[in-house]
Amino acid sequence: MGFTPLGSARRAAEFTSREDGGATNPPRSRFIKFLAISAVLLVLTVACSQGDRSTWNPAGPVAGQQLQMFNVLVWIMVVTFVLVEGVLVYAAIRFRARPGQERPPQVHGNMPLEIAWTVIPTILIMALGIWSVIELWQLDKPPASADYVLEVTATGHQWWFEFEYADAGGGKTITTANELRVPVDTPVWVWLESDDVIHSFWIPRLAGKVDMIPTHRNRLWFQADSNEIETLPATFLGQCAEFCGLSHALMKFEVTVMEQDDYDAWVASYGQKPSLSAKGEQGQKVFNANCSSCHTTSGPDAAALVDGRVAGFLAGGNIAPAPNLTDLATRQKIAAGILDLNEDNLRDWLKNPNDIKPGNWMSARAPFYKDGENTLSDEDISAVIEYLISLK
Amino acid sequence: MATLTGVLARPSGYTGVWSWITTVDHKRIGILYGFTAFAMLLIAGLEAGVMRSQLATADSELIGPGVFNQMFTMHATAMVFNVIMPLSASFFNLIVPLAIGARDVAFPRLNALSYWLFLFGTLLLHAGFLQNQAPDAGWFSYASLTEKPYSANAGLDFWALGLLVLGTSSVAAALNFTVTIINMRAPGMGLMRMPLFIWMTLITSILLILAFPVITVGLIELTMDRNFGTHFFMPQGGGDPLLWQHLFWVFGHPEVYILILPPMGVVSEVLPAFSRKPLFGYPFMVFSGIVIGIMSWAVWSHHMFTTGLGPVANSVFTITTMLIAVPTGVKIFNWIGTMWGGAIEFKTSMLFAVGFIALFIIGGLSGVSHAVAPADSQQQDTYYIVAHIHYVLFGGSLFGIFAGIYYWGPKFTGKMFGEGLGKLHFWLMFIGMNVTFFPMHFVGMNGMPRRVYTYSAESGFQLLNSLSSLGYIILFFAFVVFIINFLRSSKNGAEAGNDPWDAPGLEWSISSPPPAYNFAKIPQVLGRDHFWIVKELAREAGQGPVQAEAHVDERTIHMPSPSYWPIIIAFGVTWIAGGILTHYALSFIGGLIAFVGVVGWGNEPASAQSDH
């Protein structure tokens with residue numbers, strides 16, 4: 001094969017035209033496919049990033065800064081993807097074998113290229129890493145300038161959340177469950193504990209999660225920003241985010257953000273003696289006889305009381321740590337954020353909680369449940385419901 | 001004495017099932033691993049189908065949490081330990097001796113033992129299904145959920161004990177391949193002339209040897225907590241649940257590199273063959289593999305960013321995790337460099353190799369986003385992580401393995417696979433994989449945690465979940481196409497010949513399928529890509545195409561004799577574990593059987609009677 005001009009022209013013609021004239025995969029149809037895929041992705045991104053539990057919809061500085069970091073990463077990922085994937089696709093197309101093509105030059109490597117694509121990514125990654133570490137430390141605690149930080153202890157249980165305020169305001173102790181009330185524009189320090197298995201405390205719109213690990217006392221902080229929230233009171237969904245057993249999917253909680261005045265009013269009214277009708281009084285009797293060893297309705301739970309319930313549970317007794325039901329009627333939901341609070345749902349829950357929350361410890365340990373069914377009379381159950389909806 | 005020698009005599013002349021049960025031939029063991037692992041792939045894939053059916057609609061009551069939790073646990077556990085690892089082991093077995101010019105591995109009986117331990121360990125792991133007590137605490141089974149009373153049934157014991165048996169299988173195989181690669185390379189094959197797949201096998205084997213003891217400790221401690229009253233992870237009694245996580249992930253992170261390095265090795269073999277030029281930057285590919293292996297020990301707590309380790313630990317692991325992206329990137333660039341300037345033939349194997357790179361880029365990039373601890377606190381335990389896992393393990397490992405199946409399949413079956421069905425398989429799998437897993441990035445960041453058996457209608461997760469479930473159906477058909485292609489081609493495919501791809505490795509210089517003894521004459525290796533050199537020399541000398549090495553009479557080459565003892569020992573070892581679940585007496589009997597097996601192994605004649 002000599003290098004005659006004609007020979008070169010012929011070889012050039014061979015190498016620059018495809019045998020099928022490029023009909024099967026012309027550049028234009030590939031570009032259209034690329035556009036179509038991008039359009040779908042754009043639609044997905046836009047359509048799916050609003051939501052009451054979306055990390056793309058932050059309502060406070062912690063989730064906001066975490067999202068900012070994620071957005072930087074997304075840009076880096078997209079640019080890297082387009083560049084590297086683009087080169088890959090280009091190589092796959094450009095260097096397809098032409099019919100009868102000879103063995104290509106047997107290149108073994110390129111030292112300057114190897115150095116470049118080792119050193120440059122290392123520098124970029126180190127820069128990213130240093131920035132990440134700086135942000136990490138900044139996010140670790142509420143700003144020092146905050147003059148008041150509300151402290152709450154959240155304890156994970158199978159399958160509900162306990163919230164204890166050592167000092168909700170004015171020295172008042174509050175124990176509640178599954179609904180966390182906080183004032184707006186106030187940093188909240190949440191201590192995280194568990195008495196059974198590992199759970200995780202996650203309010204996507206307010207802060208990334210931290211796990212609740214038995215024997216550990218973890219912590220996170222968040223703050224709800226009034227300029228990110230349209231109207232108050234506002235509710236944010238929280239969910240357990242560490243697999244914790246049968247009803248992990250049903251272990252949710254709500255964070256109710258309120259104006260400072262409304263929050264103070266709530267604190268003041270917590271634990272006030274409810275006014276009960278006759279039926280309610282009857283219900284209170286039934287409740288005290290059957291439910292109060294696990295559920296408290298008269299105010300905060302003392303630590304020793306909860307420890308006793310945990311020990312009894314582990315010993316296999318007819319007892320378990322259970323949600324504090326003080327002021328239950330002021331809550332939106334029951335059964336850890338999965339059912340609206342109303343009489344019908346309360347009835348369904350009390351009659352057969354296992355249907356709603358498989359594996360729940362109430363129907364497993366409370367003696368008046370046989371095979372998951374409530375053996376108390378309908379009259380007693382109605383009375384208890386009357387009592388519960390009077391708790392405010 | 002005669003009776004004793006009779007009992008201990010090596011089996012010989014077996015055909016049929018007995019020849020498979022007593023085999024010590026690496027090629028047969030590779031086939032056993034391959035078929036067993038593929039069957040497990042189908043089972044674990046069906047478990048995924050159960051989950052995707054349940055999650056296709058909000059508030060679905062199709063599958064309850066009891067079953068669902070078993071599904072996600074066993075799907076992942078099986079995919080990791082019963083599918084990807086043994087598929088890699090299948091390749092190690094089939095390819096390593098051929099690619100280094102050896103006749104078998106260093107310890108053929110140990111090799112067989114590894115397979116039987118794998119089979120019996122897999123059966124033990126799954127035995128819980130027979131009593132509706134399959135493991136159900138997730139594939140990494142965090143304490144203290146795994147303790148009693150929170151996991152009161154025997155499921156977690158099946159998990160821990162099954163994995164203990166599987167671990168012995170992996171470590172034995174790893175030791176075997178390490179010695180084989182270091183000691184049994186053909187003359188002329190220095191370390192820097194080894195095919196890259198062999199390097200990846202060596203690094204993976206060293207990782208296996210060092211990582212499995214860590215999880216073994218964890219599994220024994222878990223078994224003791226659950227059955228013998230200890231408190232390693234149980235808070236009441238002074239234990240710490242977080243200790244389990246450290247033990248698991250110090251194993252677990254090297255484990256994920258164990259899952260990806262062999263398929264990376266496969267891709268590094270396939271790309272040069274179909275680009276018709278050598279692997280670009282071979283020394284850098286070797287060193288990046290070694291660096292990844294070393295650095296894999298320094299990143300484990302990125303799985304624990306949300307466990308409250310504190311900002312110092314989180315900072316350290318953020319940095320180390322980001323740094324491990326560098327050698328990974330080096331590999332990707334070198335693969336592209338291999339294709340660059342080549343003359344690429346897009347056979348099915350090559351499609352899967354390029355698909356591997358394309359999908360692994362996505363999985364690797366999402367991995368970099370997890371490395372940043374504050375961002376990770378929103379991603380952790382959501383479907384964003386599930387998306388990452390599947391891009392690297394499905395788009396990565398499994399695609400790489402399929403590239404290898406299509407590349408080396410003809411070597412062992414002697415038949416070419418159908419290219420039409422092969423390409424259909426590829427496109428169904430590529431499209432199906434993206435439809436299933438890409439939406440998961442979004443639904444995760446929108447607030448969907450992982451390991452949930454249901455989600456509410458108000459959550460807004462339904463659309464993307466339905467999309468993922470649709471993708472599953474596409475993947476289902478992809479596998480159907482593959483099975484049809486494999487079965488048809490094995491029966492009626494075109495003759496492959498010894499070198500269908502004009503490839504560089506030693507394995508292509510012998511017939512397809514290879515004779516029992518592999519090489520009649522151990523080759524003198526002339527360099528990296530030895531067979532290309534041989535063919536080039538032949539071309540320059542004006543000789544015709546290089547033929548497969550001619551067969552010789554098998555009886556003139558002594559090969560390791562078959563043995564009963566590996567399966568017997570594996571059976572005994574499995575009962576040591578199984579007895580803890582049933583009666584301790586059975587553990588003792590299992591130990592006795594294993595002991596007898598070891599004595600028999602040690603005392604049996606070095607070769608079968610007929611060889612004397």
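Colleague: Is A:Asp327 buried or exposed in this predicted model, and by what count is that decided?

Modeller: A residue is called buried if 20 or more other C-beta atoms lie within 10 Å of its own, exposed if 12 or fewer, and partly exposed in between, with C-beta atoms placed from the backbone. A:Asp327 has 20 C-beta neighbours inside 10 Å and therefore counts as buried. A:Asp327 is found in the loop between helix H7 (303–314) and strand E11 (333–334) of chain A, and has a positive phi of about 55° although it is not a glycine. Helices (H or I, at least four residues) and strands (E, at least two) are DSSP runs, numbered from the N terminus. This is a predicted model, in which local features need pLDDT of at least 70 and side-chain atom pairs count only at pLDDT 80 or more, while totals for chains, interfaces and linings use all residues. Residues are numbered from 1 along each chain as its sequence is written, and chains are lettered from A and ligands numbered from 1 in the order in which they are written.

Colleague: Which phi does B:Asp59 have, and is B:Asp59 buried or exposed?

Modeller: B:Asp59 has a positive phi of about 50° although it is not a glycine, and its place is in the loop between helix H3 (26–55) and helix H4 (65–100) of chain B. With 11 C-beta neighbours inside 10 Å, B:Asp59 counts as exposed.

Colleague: Where is the cis peptide bond that involves A:Trp159?

Modeller: The bond from A:Gln158 to A:Trp159 is cis, with omega near -5°, and A:Trp159 sits in the loop between strand E1 (150–157) and strand E2 (160–165) of chain A. In chain B, the peptide bond from B:Ala143 to B:Ser144 is cis, with omega near 5°, and B:Ser144 is found in the loop between helix H5 (108–126) and helix H6 (155–183).

Colleague: At what angle do H5(B) and H6(B) pack?

Modeller: Axes are lines fitted to C-alpha atoms, for helices over the stretch in contact, and angles run from 0 to 180 degrees between N-to-C directions. Angles under 35 degrees count as roughly parallel, over 145 as roughly antiparallel, 65 to 115 as roughly perpendicular and the rest as oblique. H5(B) and H6(B) pack at about 165°, with their axes 8 Å apart, which makes H5(B) roughly antiparallel to H6(B).

Colleague: How do helices H7 and H8 of chain B pack?

Modeller: Helix H7 (residues 196–227) and helix H8 (residues 241–275) of chain B pack at an angle of about 165°, with their axes 8 Å apart, and are therefore roughly antiparallel to each other. By class, their contact has 24 nonpolar, 5 polar and 2 charged residues, where Ala, Val, Leu, Ile, Met, Phe, Trp, Tyr, Cys and Pro count as nonpolar, Asp, Glu, Lys and Arg as charged, and the others, Gly among them, as polar.

Colleague: Where does H15(B) bend?

Modeller: The bend at a residue is the angle between axes fitted to the seven residues ending there and the seven starting there. H15(B) bends by about 25° at B:Val435, and a proline, B:Pro439, follows within four residues.
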